[in-house]
Structures are given as C-alpha cells and as structure tokens.
Amino acid sequence: MNRSEAKNLIERYFRQLTDGCGHDDCDNELCASCSRFRPLDKNAAAVRALELCKINARLCRLRTSLTESELQALDLKEDFSDVHYLTENTICMIISVCEEEDDYSALIRVVGRVFSNASALTQSFRKNEAERSEPIGGASSRPGAALEVTVDIDSVRRVYERLRAIDQAESALLNALVSLAPNMELDLEYLDVYETNPDYLNIFVILMENDNLHSPEYLDLALPQLCKAMSKLPLAALTRLCKLWSGCEVQHIRRIMETFQQLITYTVVSREYDGEHLVNEDETVVAACKCLKVVFYASMAGGDVDTEHNDDDDGDAADSDELTLHELLGEERLYKKAPPVDLLEKELGVRPIDCRKPLIPFEDFVNESLNDVVEMDKDFTFFKVDAETKFSFQTSPFVLSVFTKNQGLYYDNRIRMYSERRLTALYGAAQGQQPSPYLKLKVRRDHIIDDALVRLEMISMENPSDLKKQLFVEFEGEQGVDEGGVSKEFFQLVLEEIFNPDIGMFTYDKDTGLFWFNSSSLENEAQYTLVGIVLGLAIYNNCILDVHFPMVVYRKLMGKRGTFRDLPDSHPVLYQSLKELLDYSGDVEADMALTFQISHADLFGSPVTHDLKEDAQDIPVSKENRQEFVDLYADYILNTSVETQFQAFKKGFLMVTSESPMKYLFRPEEVELLICGSRKLDFEALEKTVEYDGGYSKDTQIVKDFWETLHSFGEEQKRLFLQFTTGTDRAPVGGLGKLKMIIAKNGSDSDRLPTSHTCFNALLLPEYSSKEKLRERLLKAITYAKGFGML
C-alpha cells in the first residue's frame, strides 16, 4: 500500500468512527451508525482510525445520497456503463464501490469516458436550478462578482480532491484531456460550437480546476493542447470566462496564472529559437499567452478599478500633409495613429490605466524566460505590419518587461526618425532646398531656456513633424558633435532652470521631494509646453531625465484625471487632513465649521478663495456630504486649479509622442521609469556587463583597483561617477546591468584626470601607478566635471 492509499484508508476509518456509514441497520460495532457503538471525540477517533488501519479492520460501505431511481439507472452490475455524465454523488459512490472491491478499473473507465467527451463533460457537475444564480466559487467568492453559471465549482473542486488520492485516476484524467483537447479545438474553429451551445464553456471551467495541470505530465502534451483549444474560444466566451475568474479568490486565479506561466517558461527553456525559428511562431507559447491574457484581465476586473475620471481630450497632434506622404511611400501601416484595439479590453470595459490594484500584481505576469528570447526588431515588424498574419507579443504587453517594451519603443522611434529624413529628402528634391534631416537646436548656456523655447515654439507652429526627427544639440561657442552626450547635458540644464523654485513654474514639497504645477505661476503656457516637449523628446531620443513628479502627473498624461486617491503622493498633508475629515466620528458640521468654499495661498502668499460648487459659502460640510466635499476638493487641486498649465504641458508632450505606441504598451509607473530611469543603482550588475578596450581586461590590475575603489564610494559619489560617465545619475530601464559601458585605456601613468565620452558611455582611464592615485584622480574628475570639453 502506498502512502496516498494508506492516507485515504485512515480517512475512511475516521469518517466511519465519527459520521458512520449512514445505514440504519448497521451491525458493525466499529461504525458510528451501529446502535452498539460507543461515541468517540475526534482526537480519540483519529487514534483509533490509525489502529484499525494497521489491523485491516472491517469497513462499512458508505450510503450515498443518490435516489433509488438513480441507483437503478446506474445498474452497478453493468460496470457503470450507463453513466453518461458525472456528479459529485456519482463519483463518490463509484469510488466507494471501487474501494470496497479494491479495484479502481470501473472508476478509471468512467472518468476516462466522460472527461474525453465534450458533450458528456458539458453536462457534468451541473448546479441545481435553485443554485444557478450563485457566483462562481460558491460562498468563497468575492462579493459583488455574481455571474450565472451552470457548473458547481465547489463540487468540482471536491471531486478533484478525491481523485488526487487515486493514482490511476490522475492518469485517466491526463489521457482523457489529451484525447479531448484536439477535438475541442476543431469544434471551436470549424463548427462554431459555442454559438449553438454556450454551456460549452463549462468544459474549460471544469478542466482548469485541475490543480495538477502544471505538473510535468501535463506540460508536455495535454496543457499545450488545452491552451490551443482555449485560444479558439470566441470573444464572448473569453469575456465570460474572464468575468467568472474575476469573481474568484486570489489564490484560485493565481494558480491559473501560474499554470499558463509555467507552460510558457517550460516551452521556452526546452526549445531553441533563432532568426529562422522565432518564439512568435511557437504555437504553444502563443496560445498560452492568449490564455494568460484572460487571467490578466480577470485580475484587473476583480481588483480595484476606476473606470471613471477619464480625460478624453488627448490634444490635437499637429499634422500637416505628413500622413499623405507616408501613404505615398506605402508606410501608412507603420504610422497608424490609433493604437491597436484590444477586443477583450473593449468588451470588458477595463484598461490597465483603470486598475489601481489588481488581484495579482502586474509584475507577476512578466515572464523573464520569454523576454530573453523575444527578438523585438522582428516582433515590432509583426506588431506594425503583419499583425493579421503574425503574432506579436506587443499585443500582450503585460508579459513583457519594461526593458523589452522599451526596445520596441526604441525601434518605433528610430524608424520614425529615418522616415522623417526620407521626407526631408523628398522635400529637398521637390523644392530644390536642403533642409536639415535633424531637429537642430543651437543654444547658449547663459540663455538656454530662451533659446530652446524660441526654437521649439517656432518648430511646433511651423512644422511640428520636425519634432519627430533625431535631436541634435549644439552649445554656441563649444566644439563637439552631438552623438547623444550633448543632448543629455542639454536636457539636464534645461530642467535645472525650469524647476528652479525661484522661477515659480512649479512648487516644491521638501517632505516628498516632488514638484507640482504652480496654479499661480506668472509664466505663459509656452513655457509649460516646452517642458512637455522636453519630456517627450527625452523618451523619443532615449534619454533619462532628472524629473521629480508625483505619479498622478503620468496618470493624467495617459488620460486619467486626478482623484482623492492620488493625493497621498502629491499632497500628503492635504490628504491626511481630508482623510481625518472622512474618518471623523463626531458632529462634522458643528465641530469642523467647514463650507464648500476653500482657501489657498497664491504665488505671493496671499489667500485665494474658491467655490467648489454654487453658493459654496452657504453650504456647510456635514457627515452626509463630506465625501462630495473631499472629491470636489481633490478635483480642484489636481485638475481644475492647474488646468491651463497642465494642458499646455500635455500638449507639448503629445506633440512628440502622439503617434507612439507608448500609451498602449506602458502603464504610468513604467512611463515614469522611461523618463526618469531608476534610482536603484546596482554597480555589481554593471561590473558584470562592462566592456574593456585599449588593452584593458577584467584581470588588469588597474581595472581591479578601479572596481574596488568605485564599490567603496558612497551613494552620492557613485551618482557623480554615473553622471560623469553617462550624462545622468540614473540607471536606464532594466537597471545598470543593461547599460553598455566601456572602460578604455588612455595612456600610461600620468597626472591626467580620467575623461569620458558620455555619448558612448565610455570612461577613458590612464593606467595609474597606484590605487591611491586612481582614487584621488577619479574623485577630482567626477566632482569638478561640468560642461563639454572642460577636461
């Protein structure tokens, strides 16, 4: 007897000692149903059950809850051949008979027959009519998620639990699924079976309750076949399945998610992909991703969702006849303005931007193994051009890491830049002129804001498509070709001046270290538009900015309005005050003496009043209307009071990014990462990926001394080094391990300072004679270096 059989036998003895067999005429003195049985408490029954198992004591046959007519219909002597569908009672009765006879062949045949037949499985485990309005998962489901189903999920789960204790049954389930899945795929693809029988979805609901789907036995053949079949479900069925799962408890939906994730990982690591055999063409991975999308949307739909507070005004992206030229060049498919519409998202009415907290964190849907093998240049082509014939993982961006999605965005931006060059060449040929193929900005350091503002404002009015060209910055009076490094410095200097509190465009919160739009600013809208353009250009040109905005800014850029729930990040003191108002248990009207008229300080510290609604000064805030007061207050602070400034800012941002797939691919927190990079610096990861040139290697003594010195630096010194070498003190998307940095030999020992080419992320390091000299020279270089060509 194996371990599972012994466990099952002990449980049967325990139930016999506590619940009995159910027969009124039972004569087994070891059964609670016998009139001569002496009752035991549960602890004593457990000990006794173990003793009875050891001596192989008599076991009663359990009475089932089947009616006499059902028992006759089963005709036990016919080996259950008349069982055409399954219920929990049927399974329990069959198991009871098999246990008594110590022969599970009848159970194996029934399970194999029903689970391999779509029609039989559709009819199995049905709820009684009186129960069919209950939500999936029964009493354990999340409240408010009711959706009529015909499957008794709790019953299915109990049946699987019983079957798991029987090894032969698991093999029968596996073999049945291998036989069933291909037929389901054909039914759904060619016969439209769901259209005629919506209960066909029951099959997938039942099968996905099997906790062993992620086991090695299923991963090879059964689960891939099931995913292929599920991916053929029509939109209506996928929507219903998503709604069903969204009503389940977190552990249930997480198990389903991990099942699909494990299949993707298992398939990817067990196969090899190259330019001829792309992972995009792997049917198993593609099908599993499509199934995972259902779980992803279920996780969002069942989480904390705000489908309101949408700002539909995305601004008017200026366009001349650029689109016509793209069409003439046959490139219109590459530059469709509208992002691809996800039909499941549209049907459910929920987007990633709408979900503040899903049932399962967004990060858990990212599959690192898949990200390692996706070739984003090919995937981008499928996404933009061959979407109808080729699968692109960018249509399932939740499975991709920010770094991988950023690669896709990079290809999109670069192709736009090259396209603008081609358009420029066409203009030049047609008009006999030679316009610049770049977005050229020539600025003076002492007047960088004025120069940048005038130039960008002229471009945005005369030919906004020039903003799509590759940025090329030149500082007047300085030598140097901008291959990335000069642009980085330009962005840094512009932002340092714009965010200077003395200018008054933004207010600074010392506690949070964040900036917010100054509603009383004296600057015109063009200044805010410039800031938006700068942020857009940074993304477009793959530069990281030292910007400190609260998350609500990025949410608003992507189409949401700020709400009370955004205040903890942007205005923590105000949030705490309003929260105390909401939580106050006393007499709000008498104790607080508030009205719907609020007051705040302007740029000069003078009080300014604002009416949150008509006749505000005459409307007291009470317990009944305090939620309305809080919502209106938050809307005023985050939206209304800064409407002019923010819309100008957003207009500038969209001038550069309006045609980008960024809004489709990234969530607000990921957009922040694109713009600002990560403040988490892992120099150990950088050391592993850095390259060496000019005679240096990782084993060179000066290189060893360099890394020991750098690792000994404090946080601020490390940021100075990163600024000196790359032009920014932030890590790129994906961390420092993704930074392509070069350390090159720059001559033998001398008193020269280390130098750098920020456009290439290259450090030029002389071969100093000692570690102490290296440290002194390096610290001096990173501390006093600023401006192009100083060293």
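**View 1. Four strands make an open sheet in the order β9-β10-β12-β11.** The pairing here is mixed, where two strands pair if DSSP finds at least two bridges between them. Strands (E, at least two residues) and helices (H or I, at least four) are DSSP runs, numbered from the N terminus. At the edges stand β9 (691–693) and β11 (755–757), each with a single partner strand, so one side of each has no neighbour in the sheet. On average, neighbouring strands are turned by 25° against each other, direction ignored; axes are lines fitted to C-alpha atoms, for helices over the stretch in contact, and angles run from 0 to 180 degrees between N-to-C directions. This is a predicted model: local features need pLDDT of at least 70, side-chain atom pairs count only at pLDDT 80 or more, and totals for chains, interfaces and linings use all residues. Residues are numbered from 1 along each chain as its sequence is written, and side-chain values use heavy atoms, leaving out hydrogens and water.

**View 2. Now for β9 and its partner β10.** Strand β10 covers residues 742–745 and runs parallel to β9, with three bridges joining the two. Look for Glu691: its bridge partner in β10 is Ile742.

**View 3. Helix α33 lies across β9, β10 and β12.** This helix takes in residues 701–712, and it runs at about 120° to β12 (762–765).

**View 4. Leu191 sits in a loop between two helices, α8 (167–190) and α9 (193–196).** Its relative accessibility is 59%, so Leu191 counts as exposed (over 50% relative accessible area, with a 1.4 Å probe and protein chains only; buried is under 20%, partly exposed in between).

Terms used: Contact means heavy atoms within 4.5 Å.
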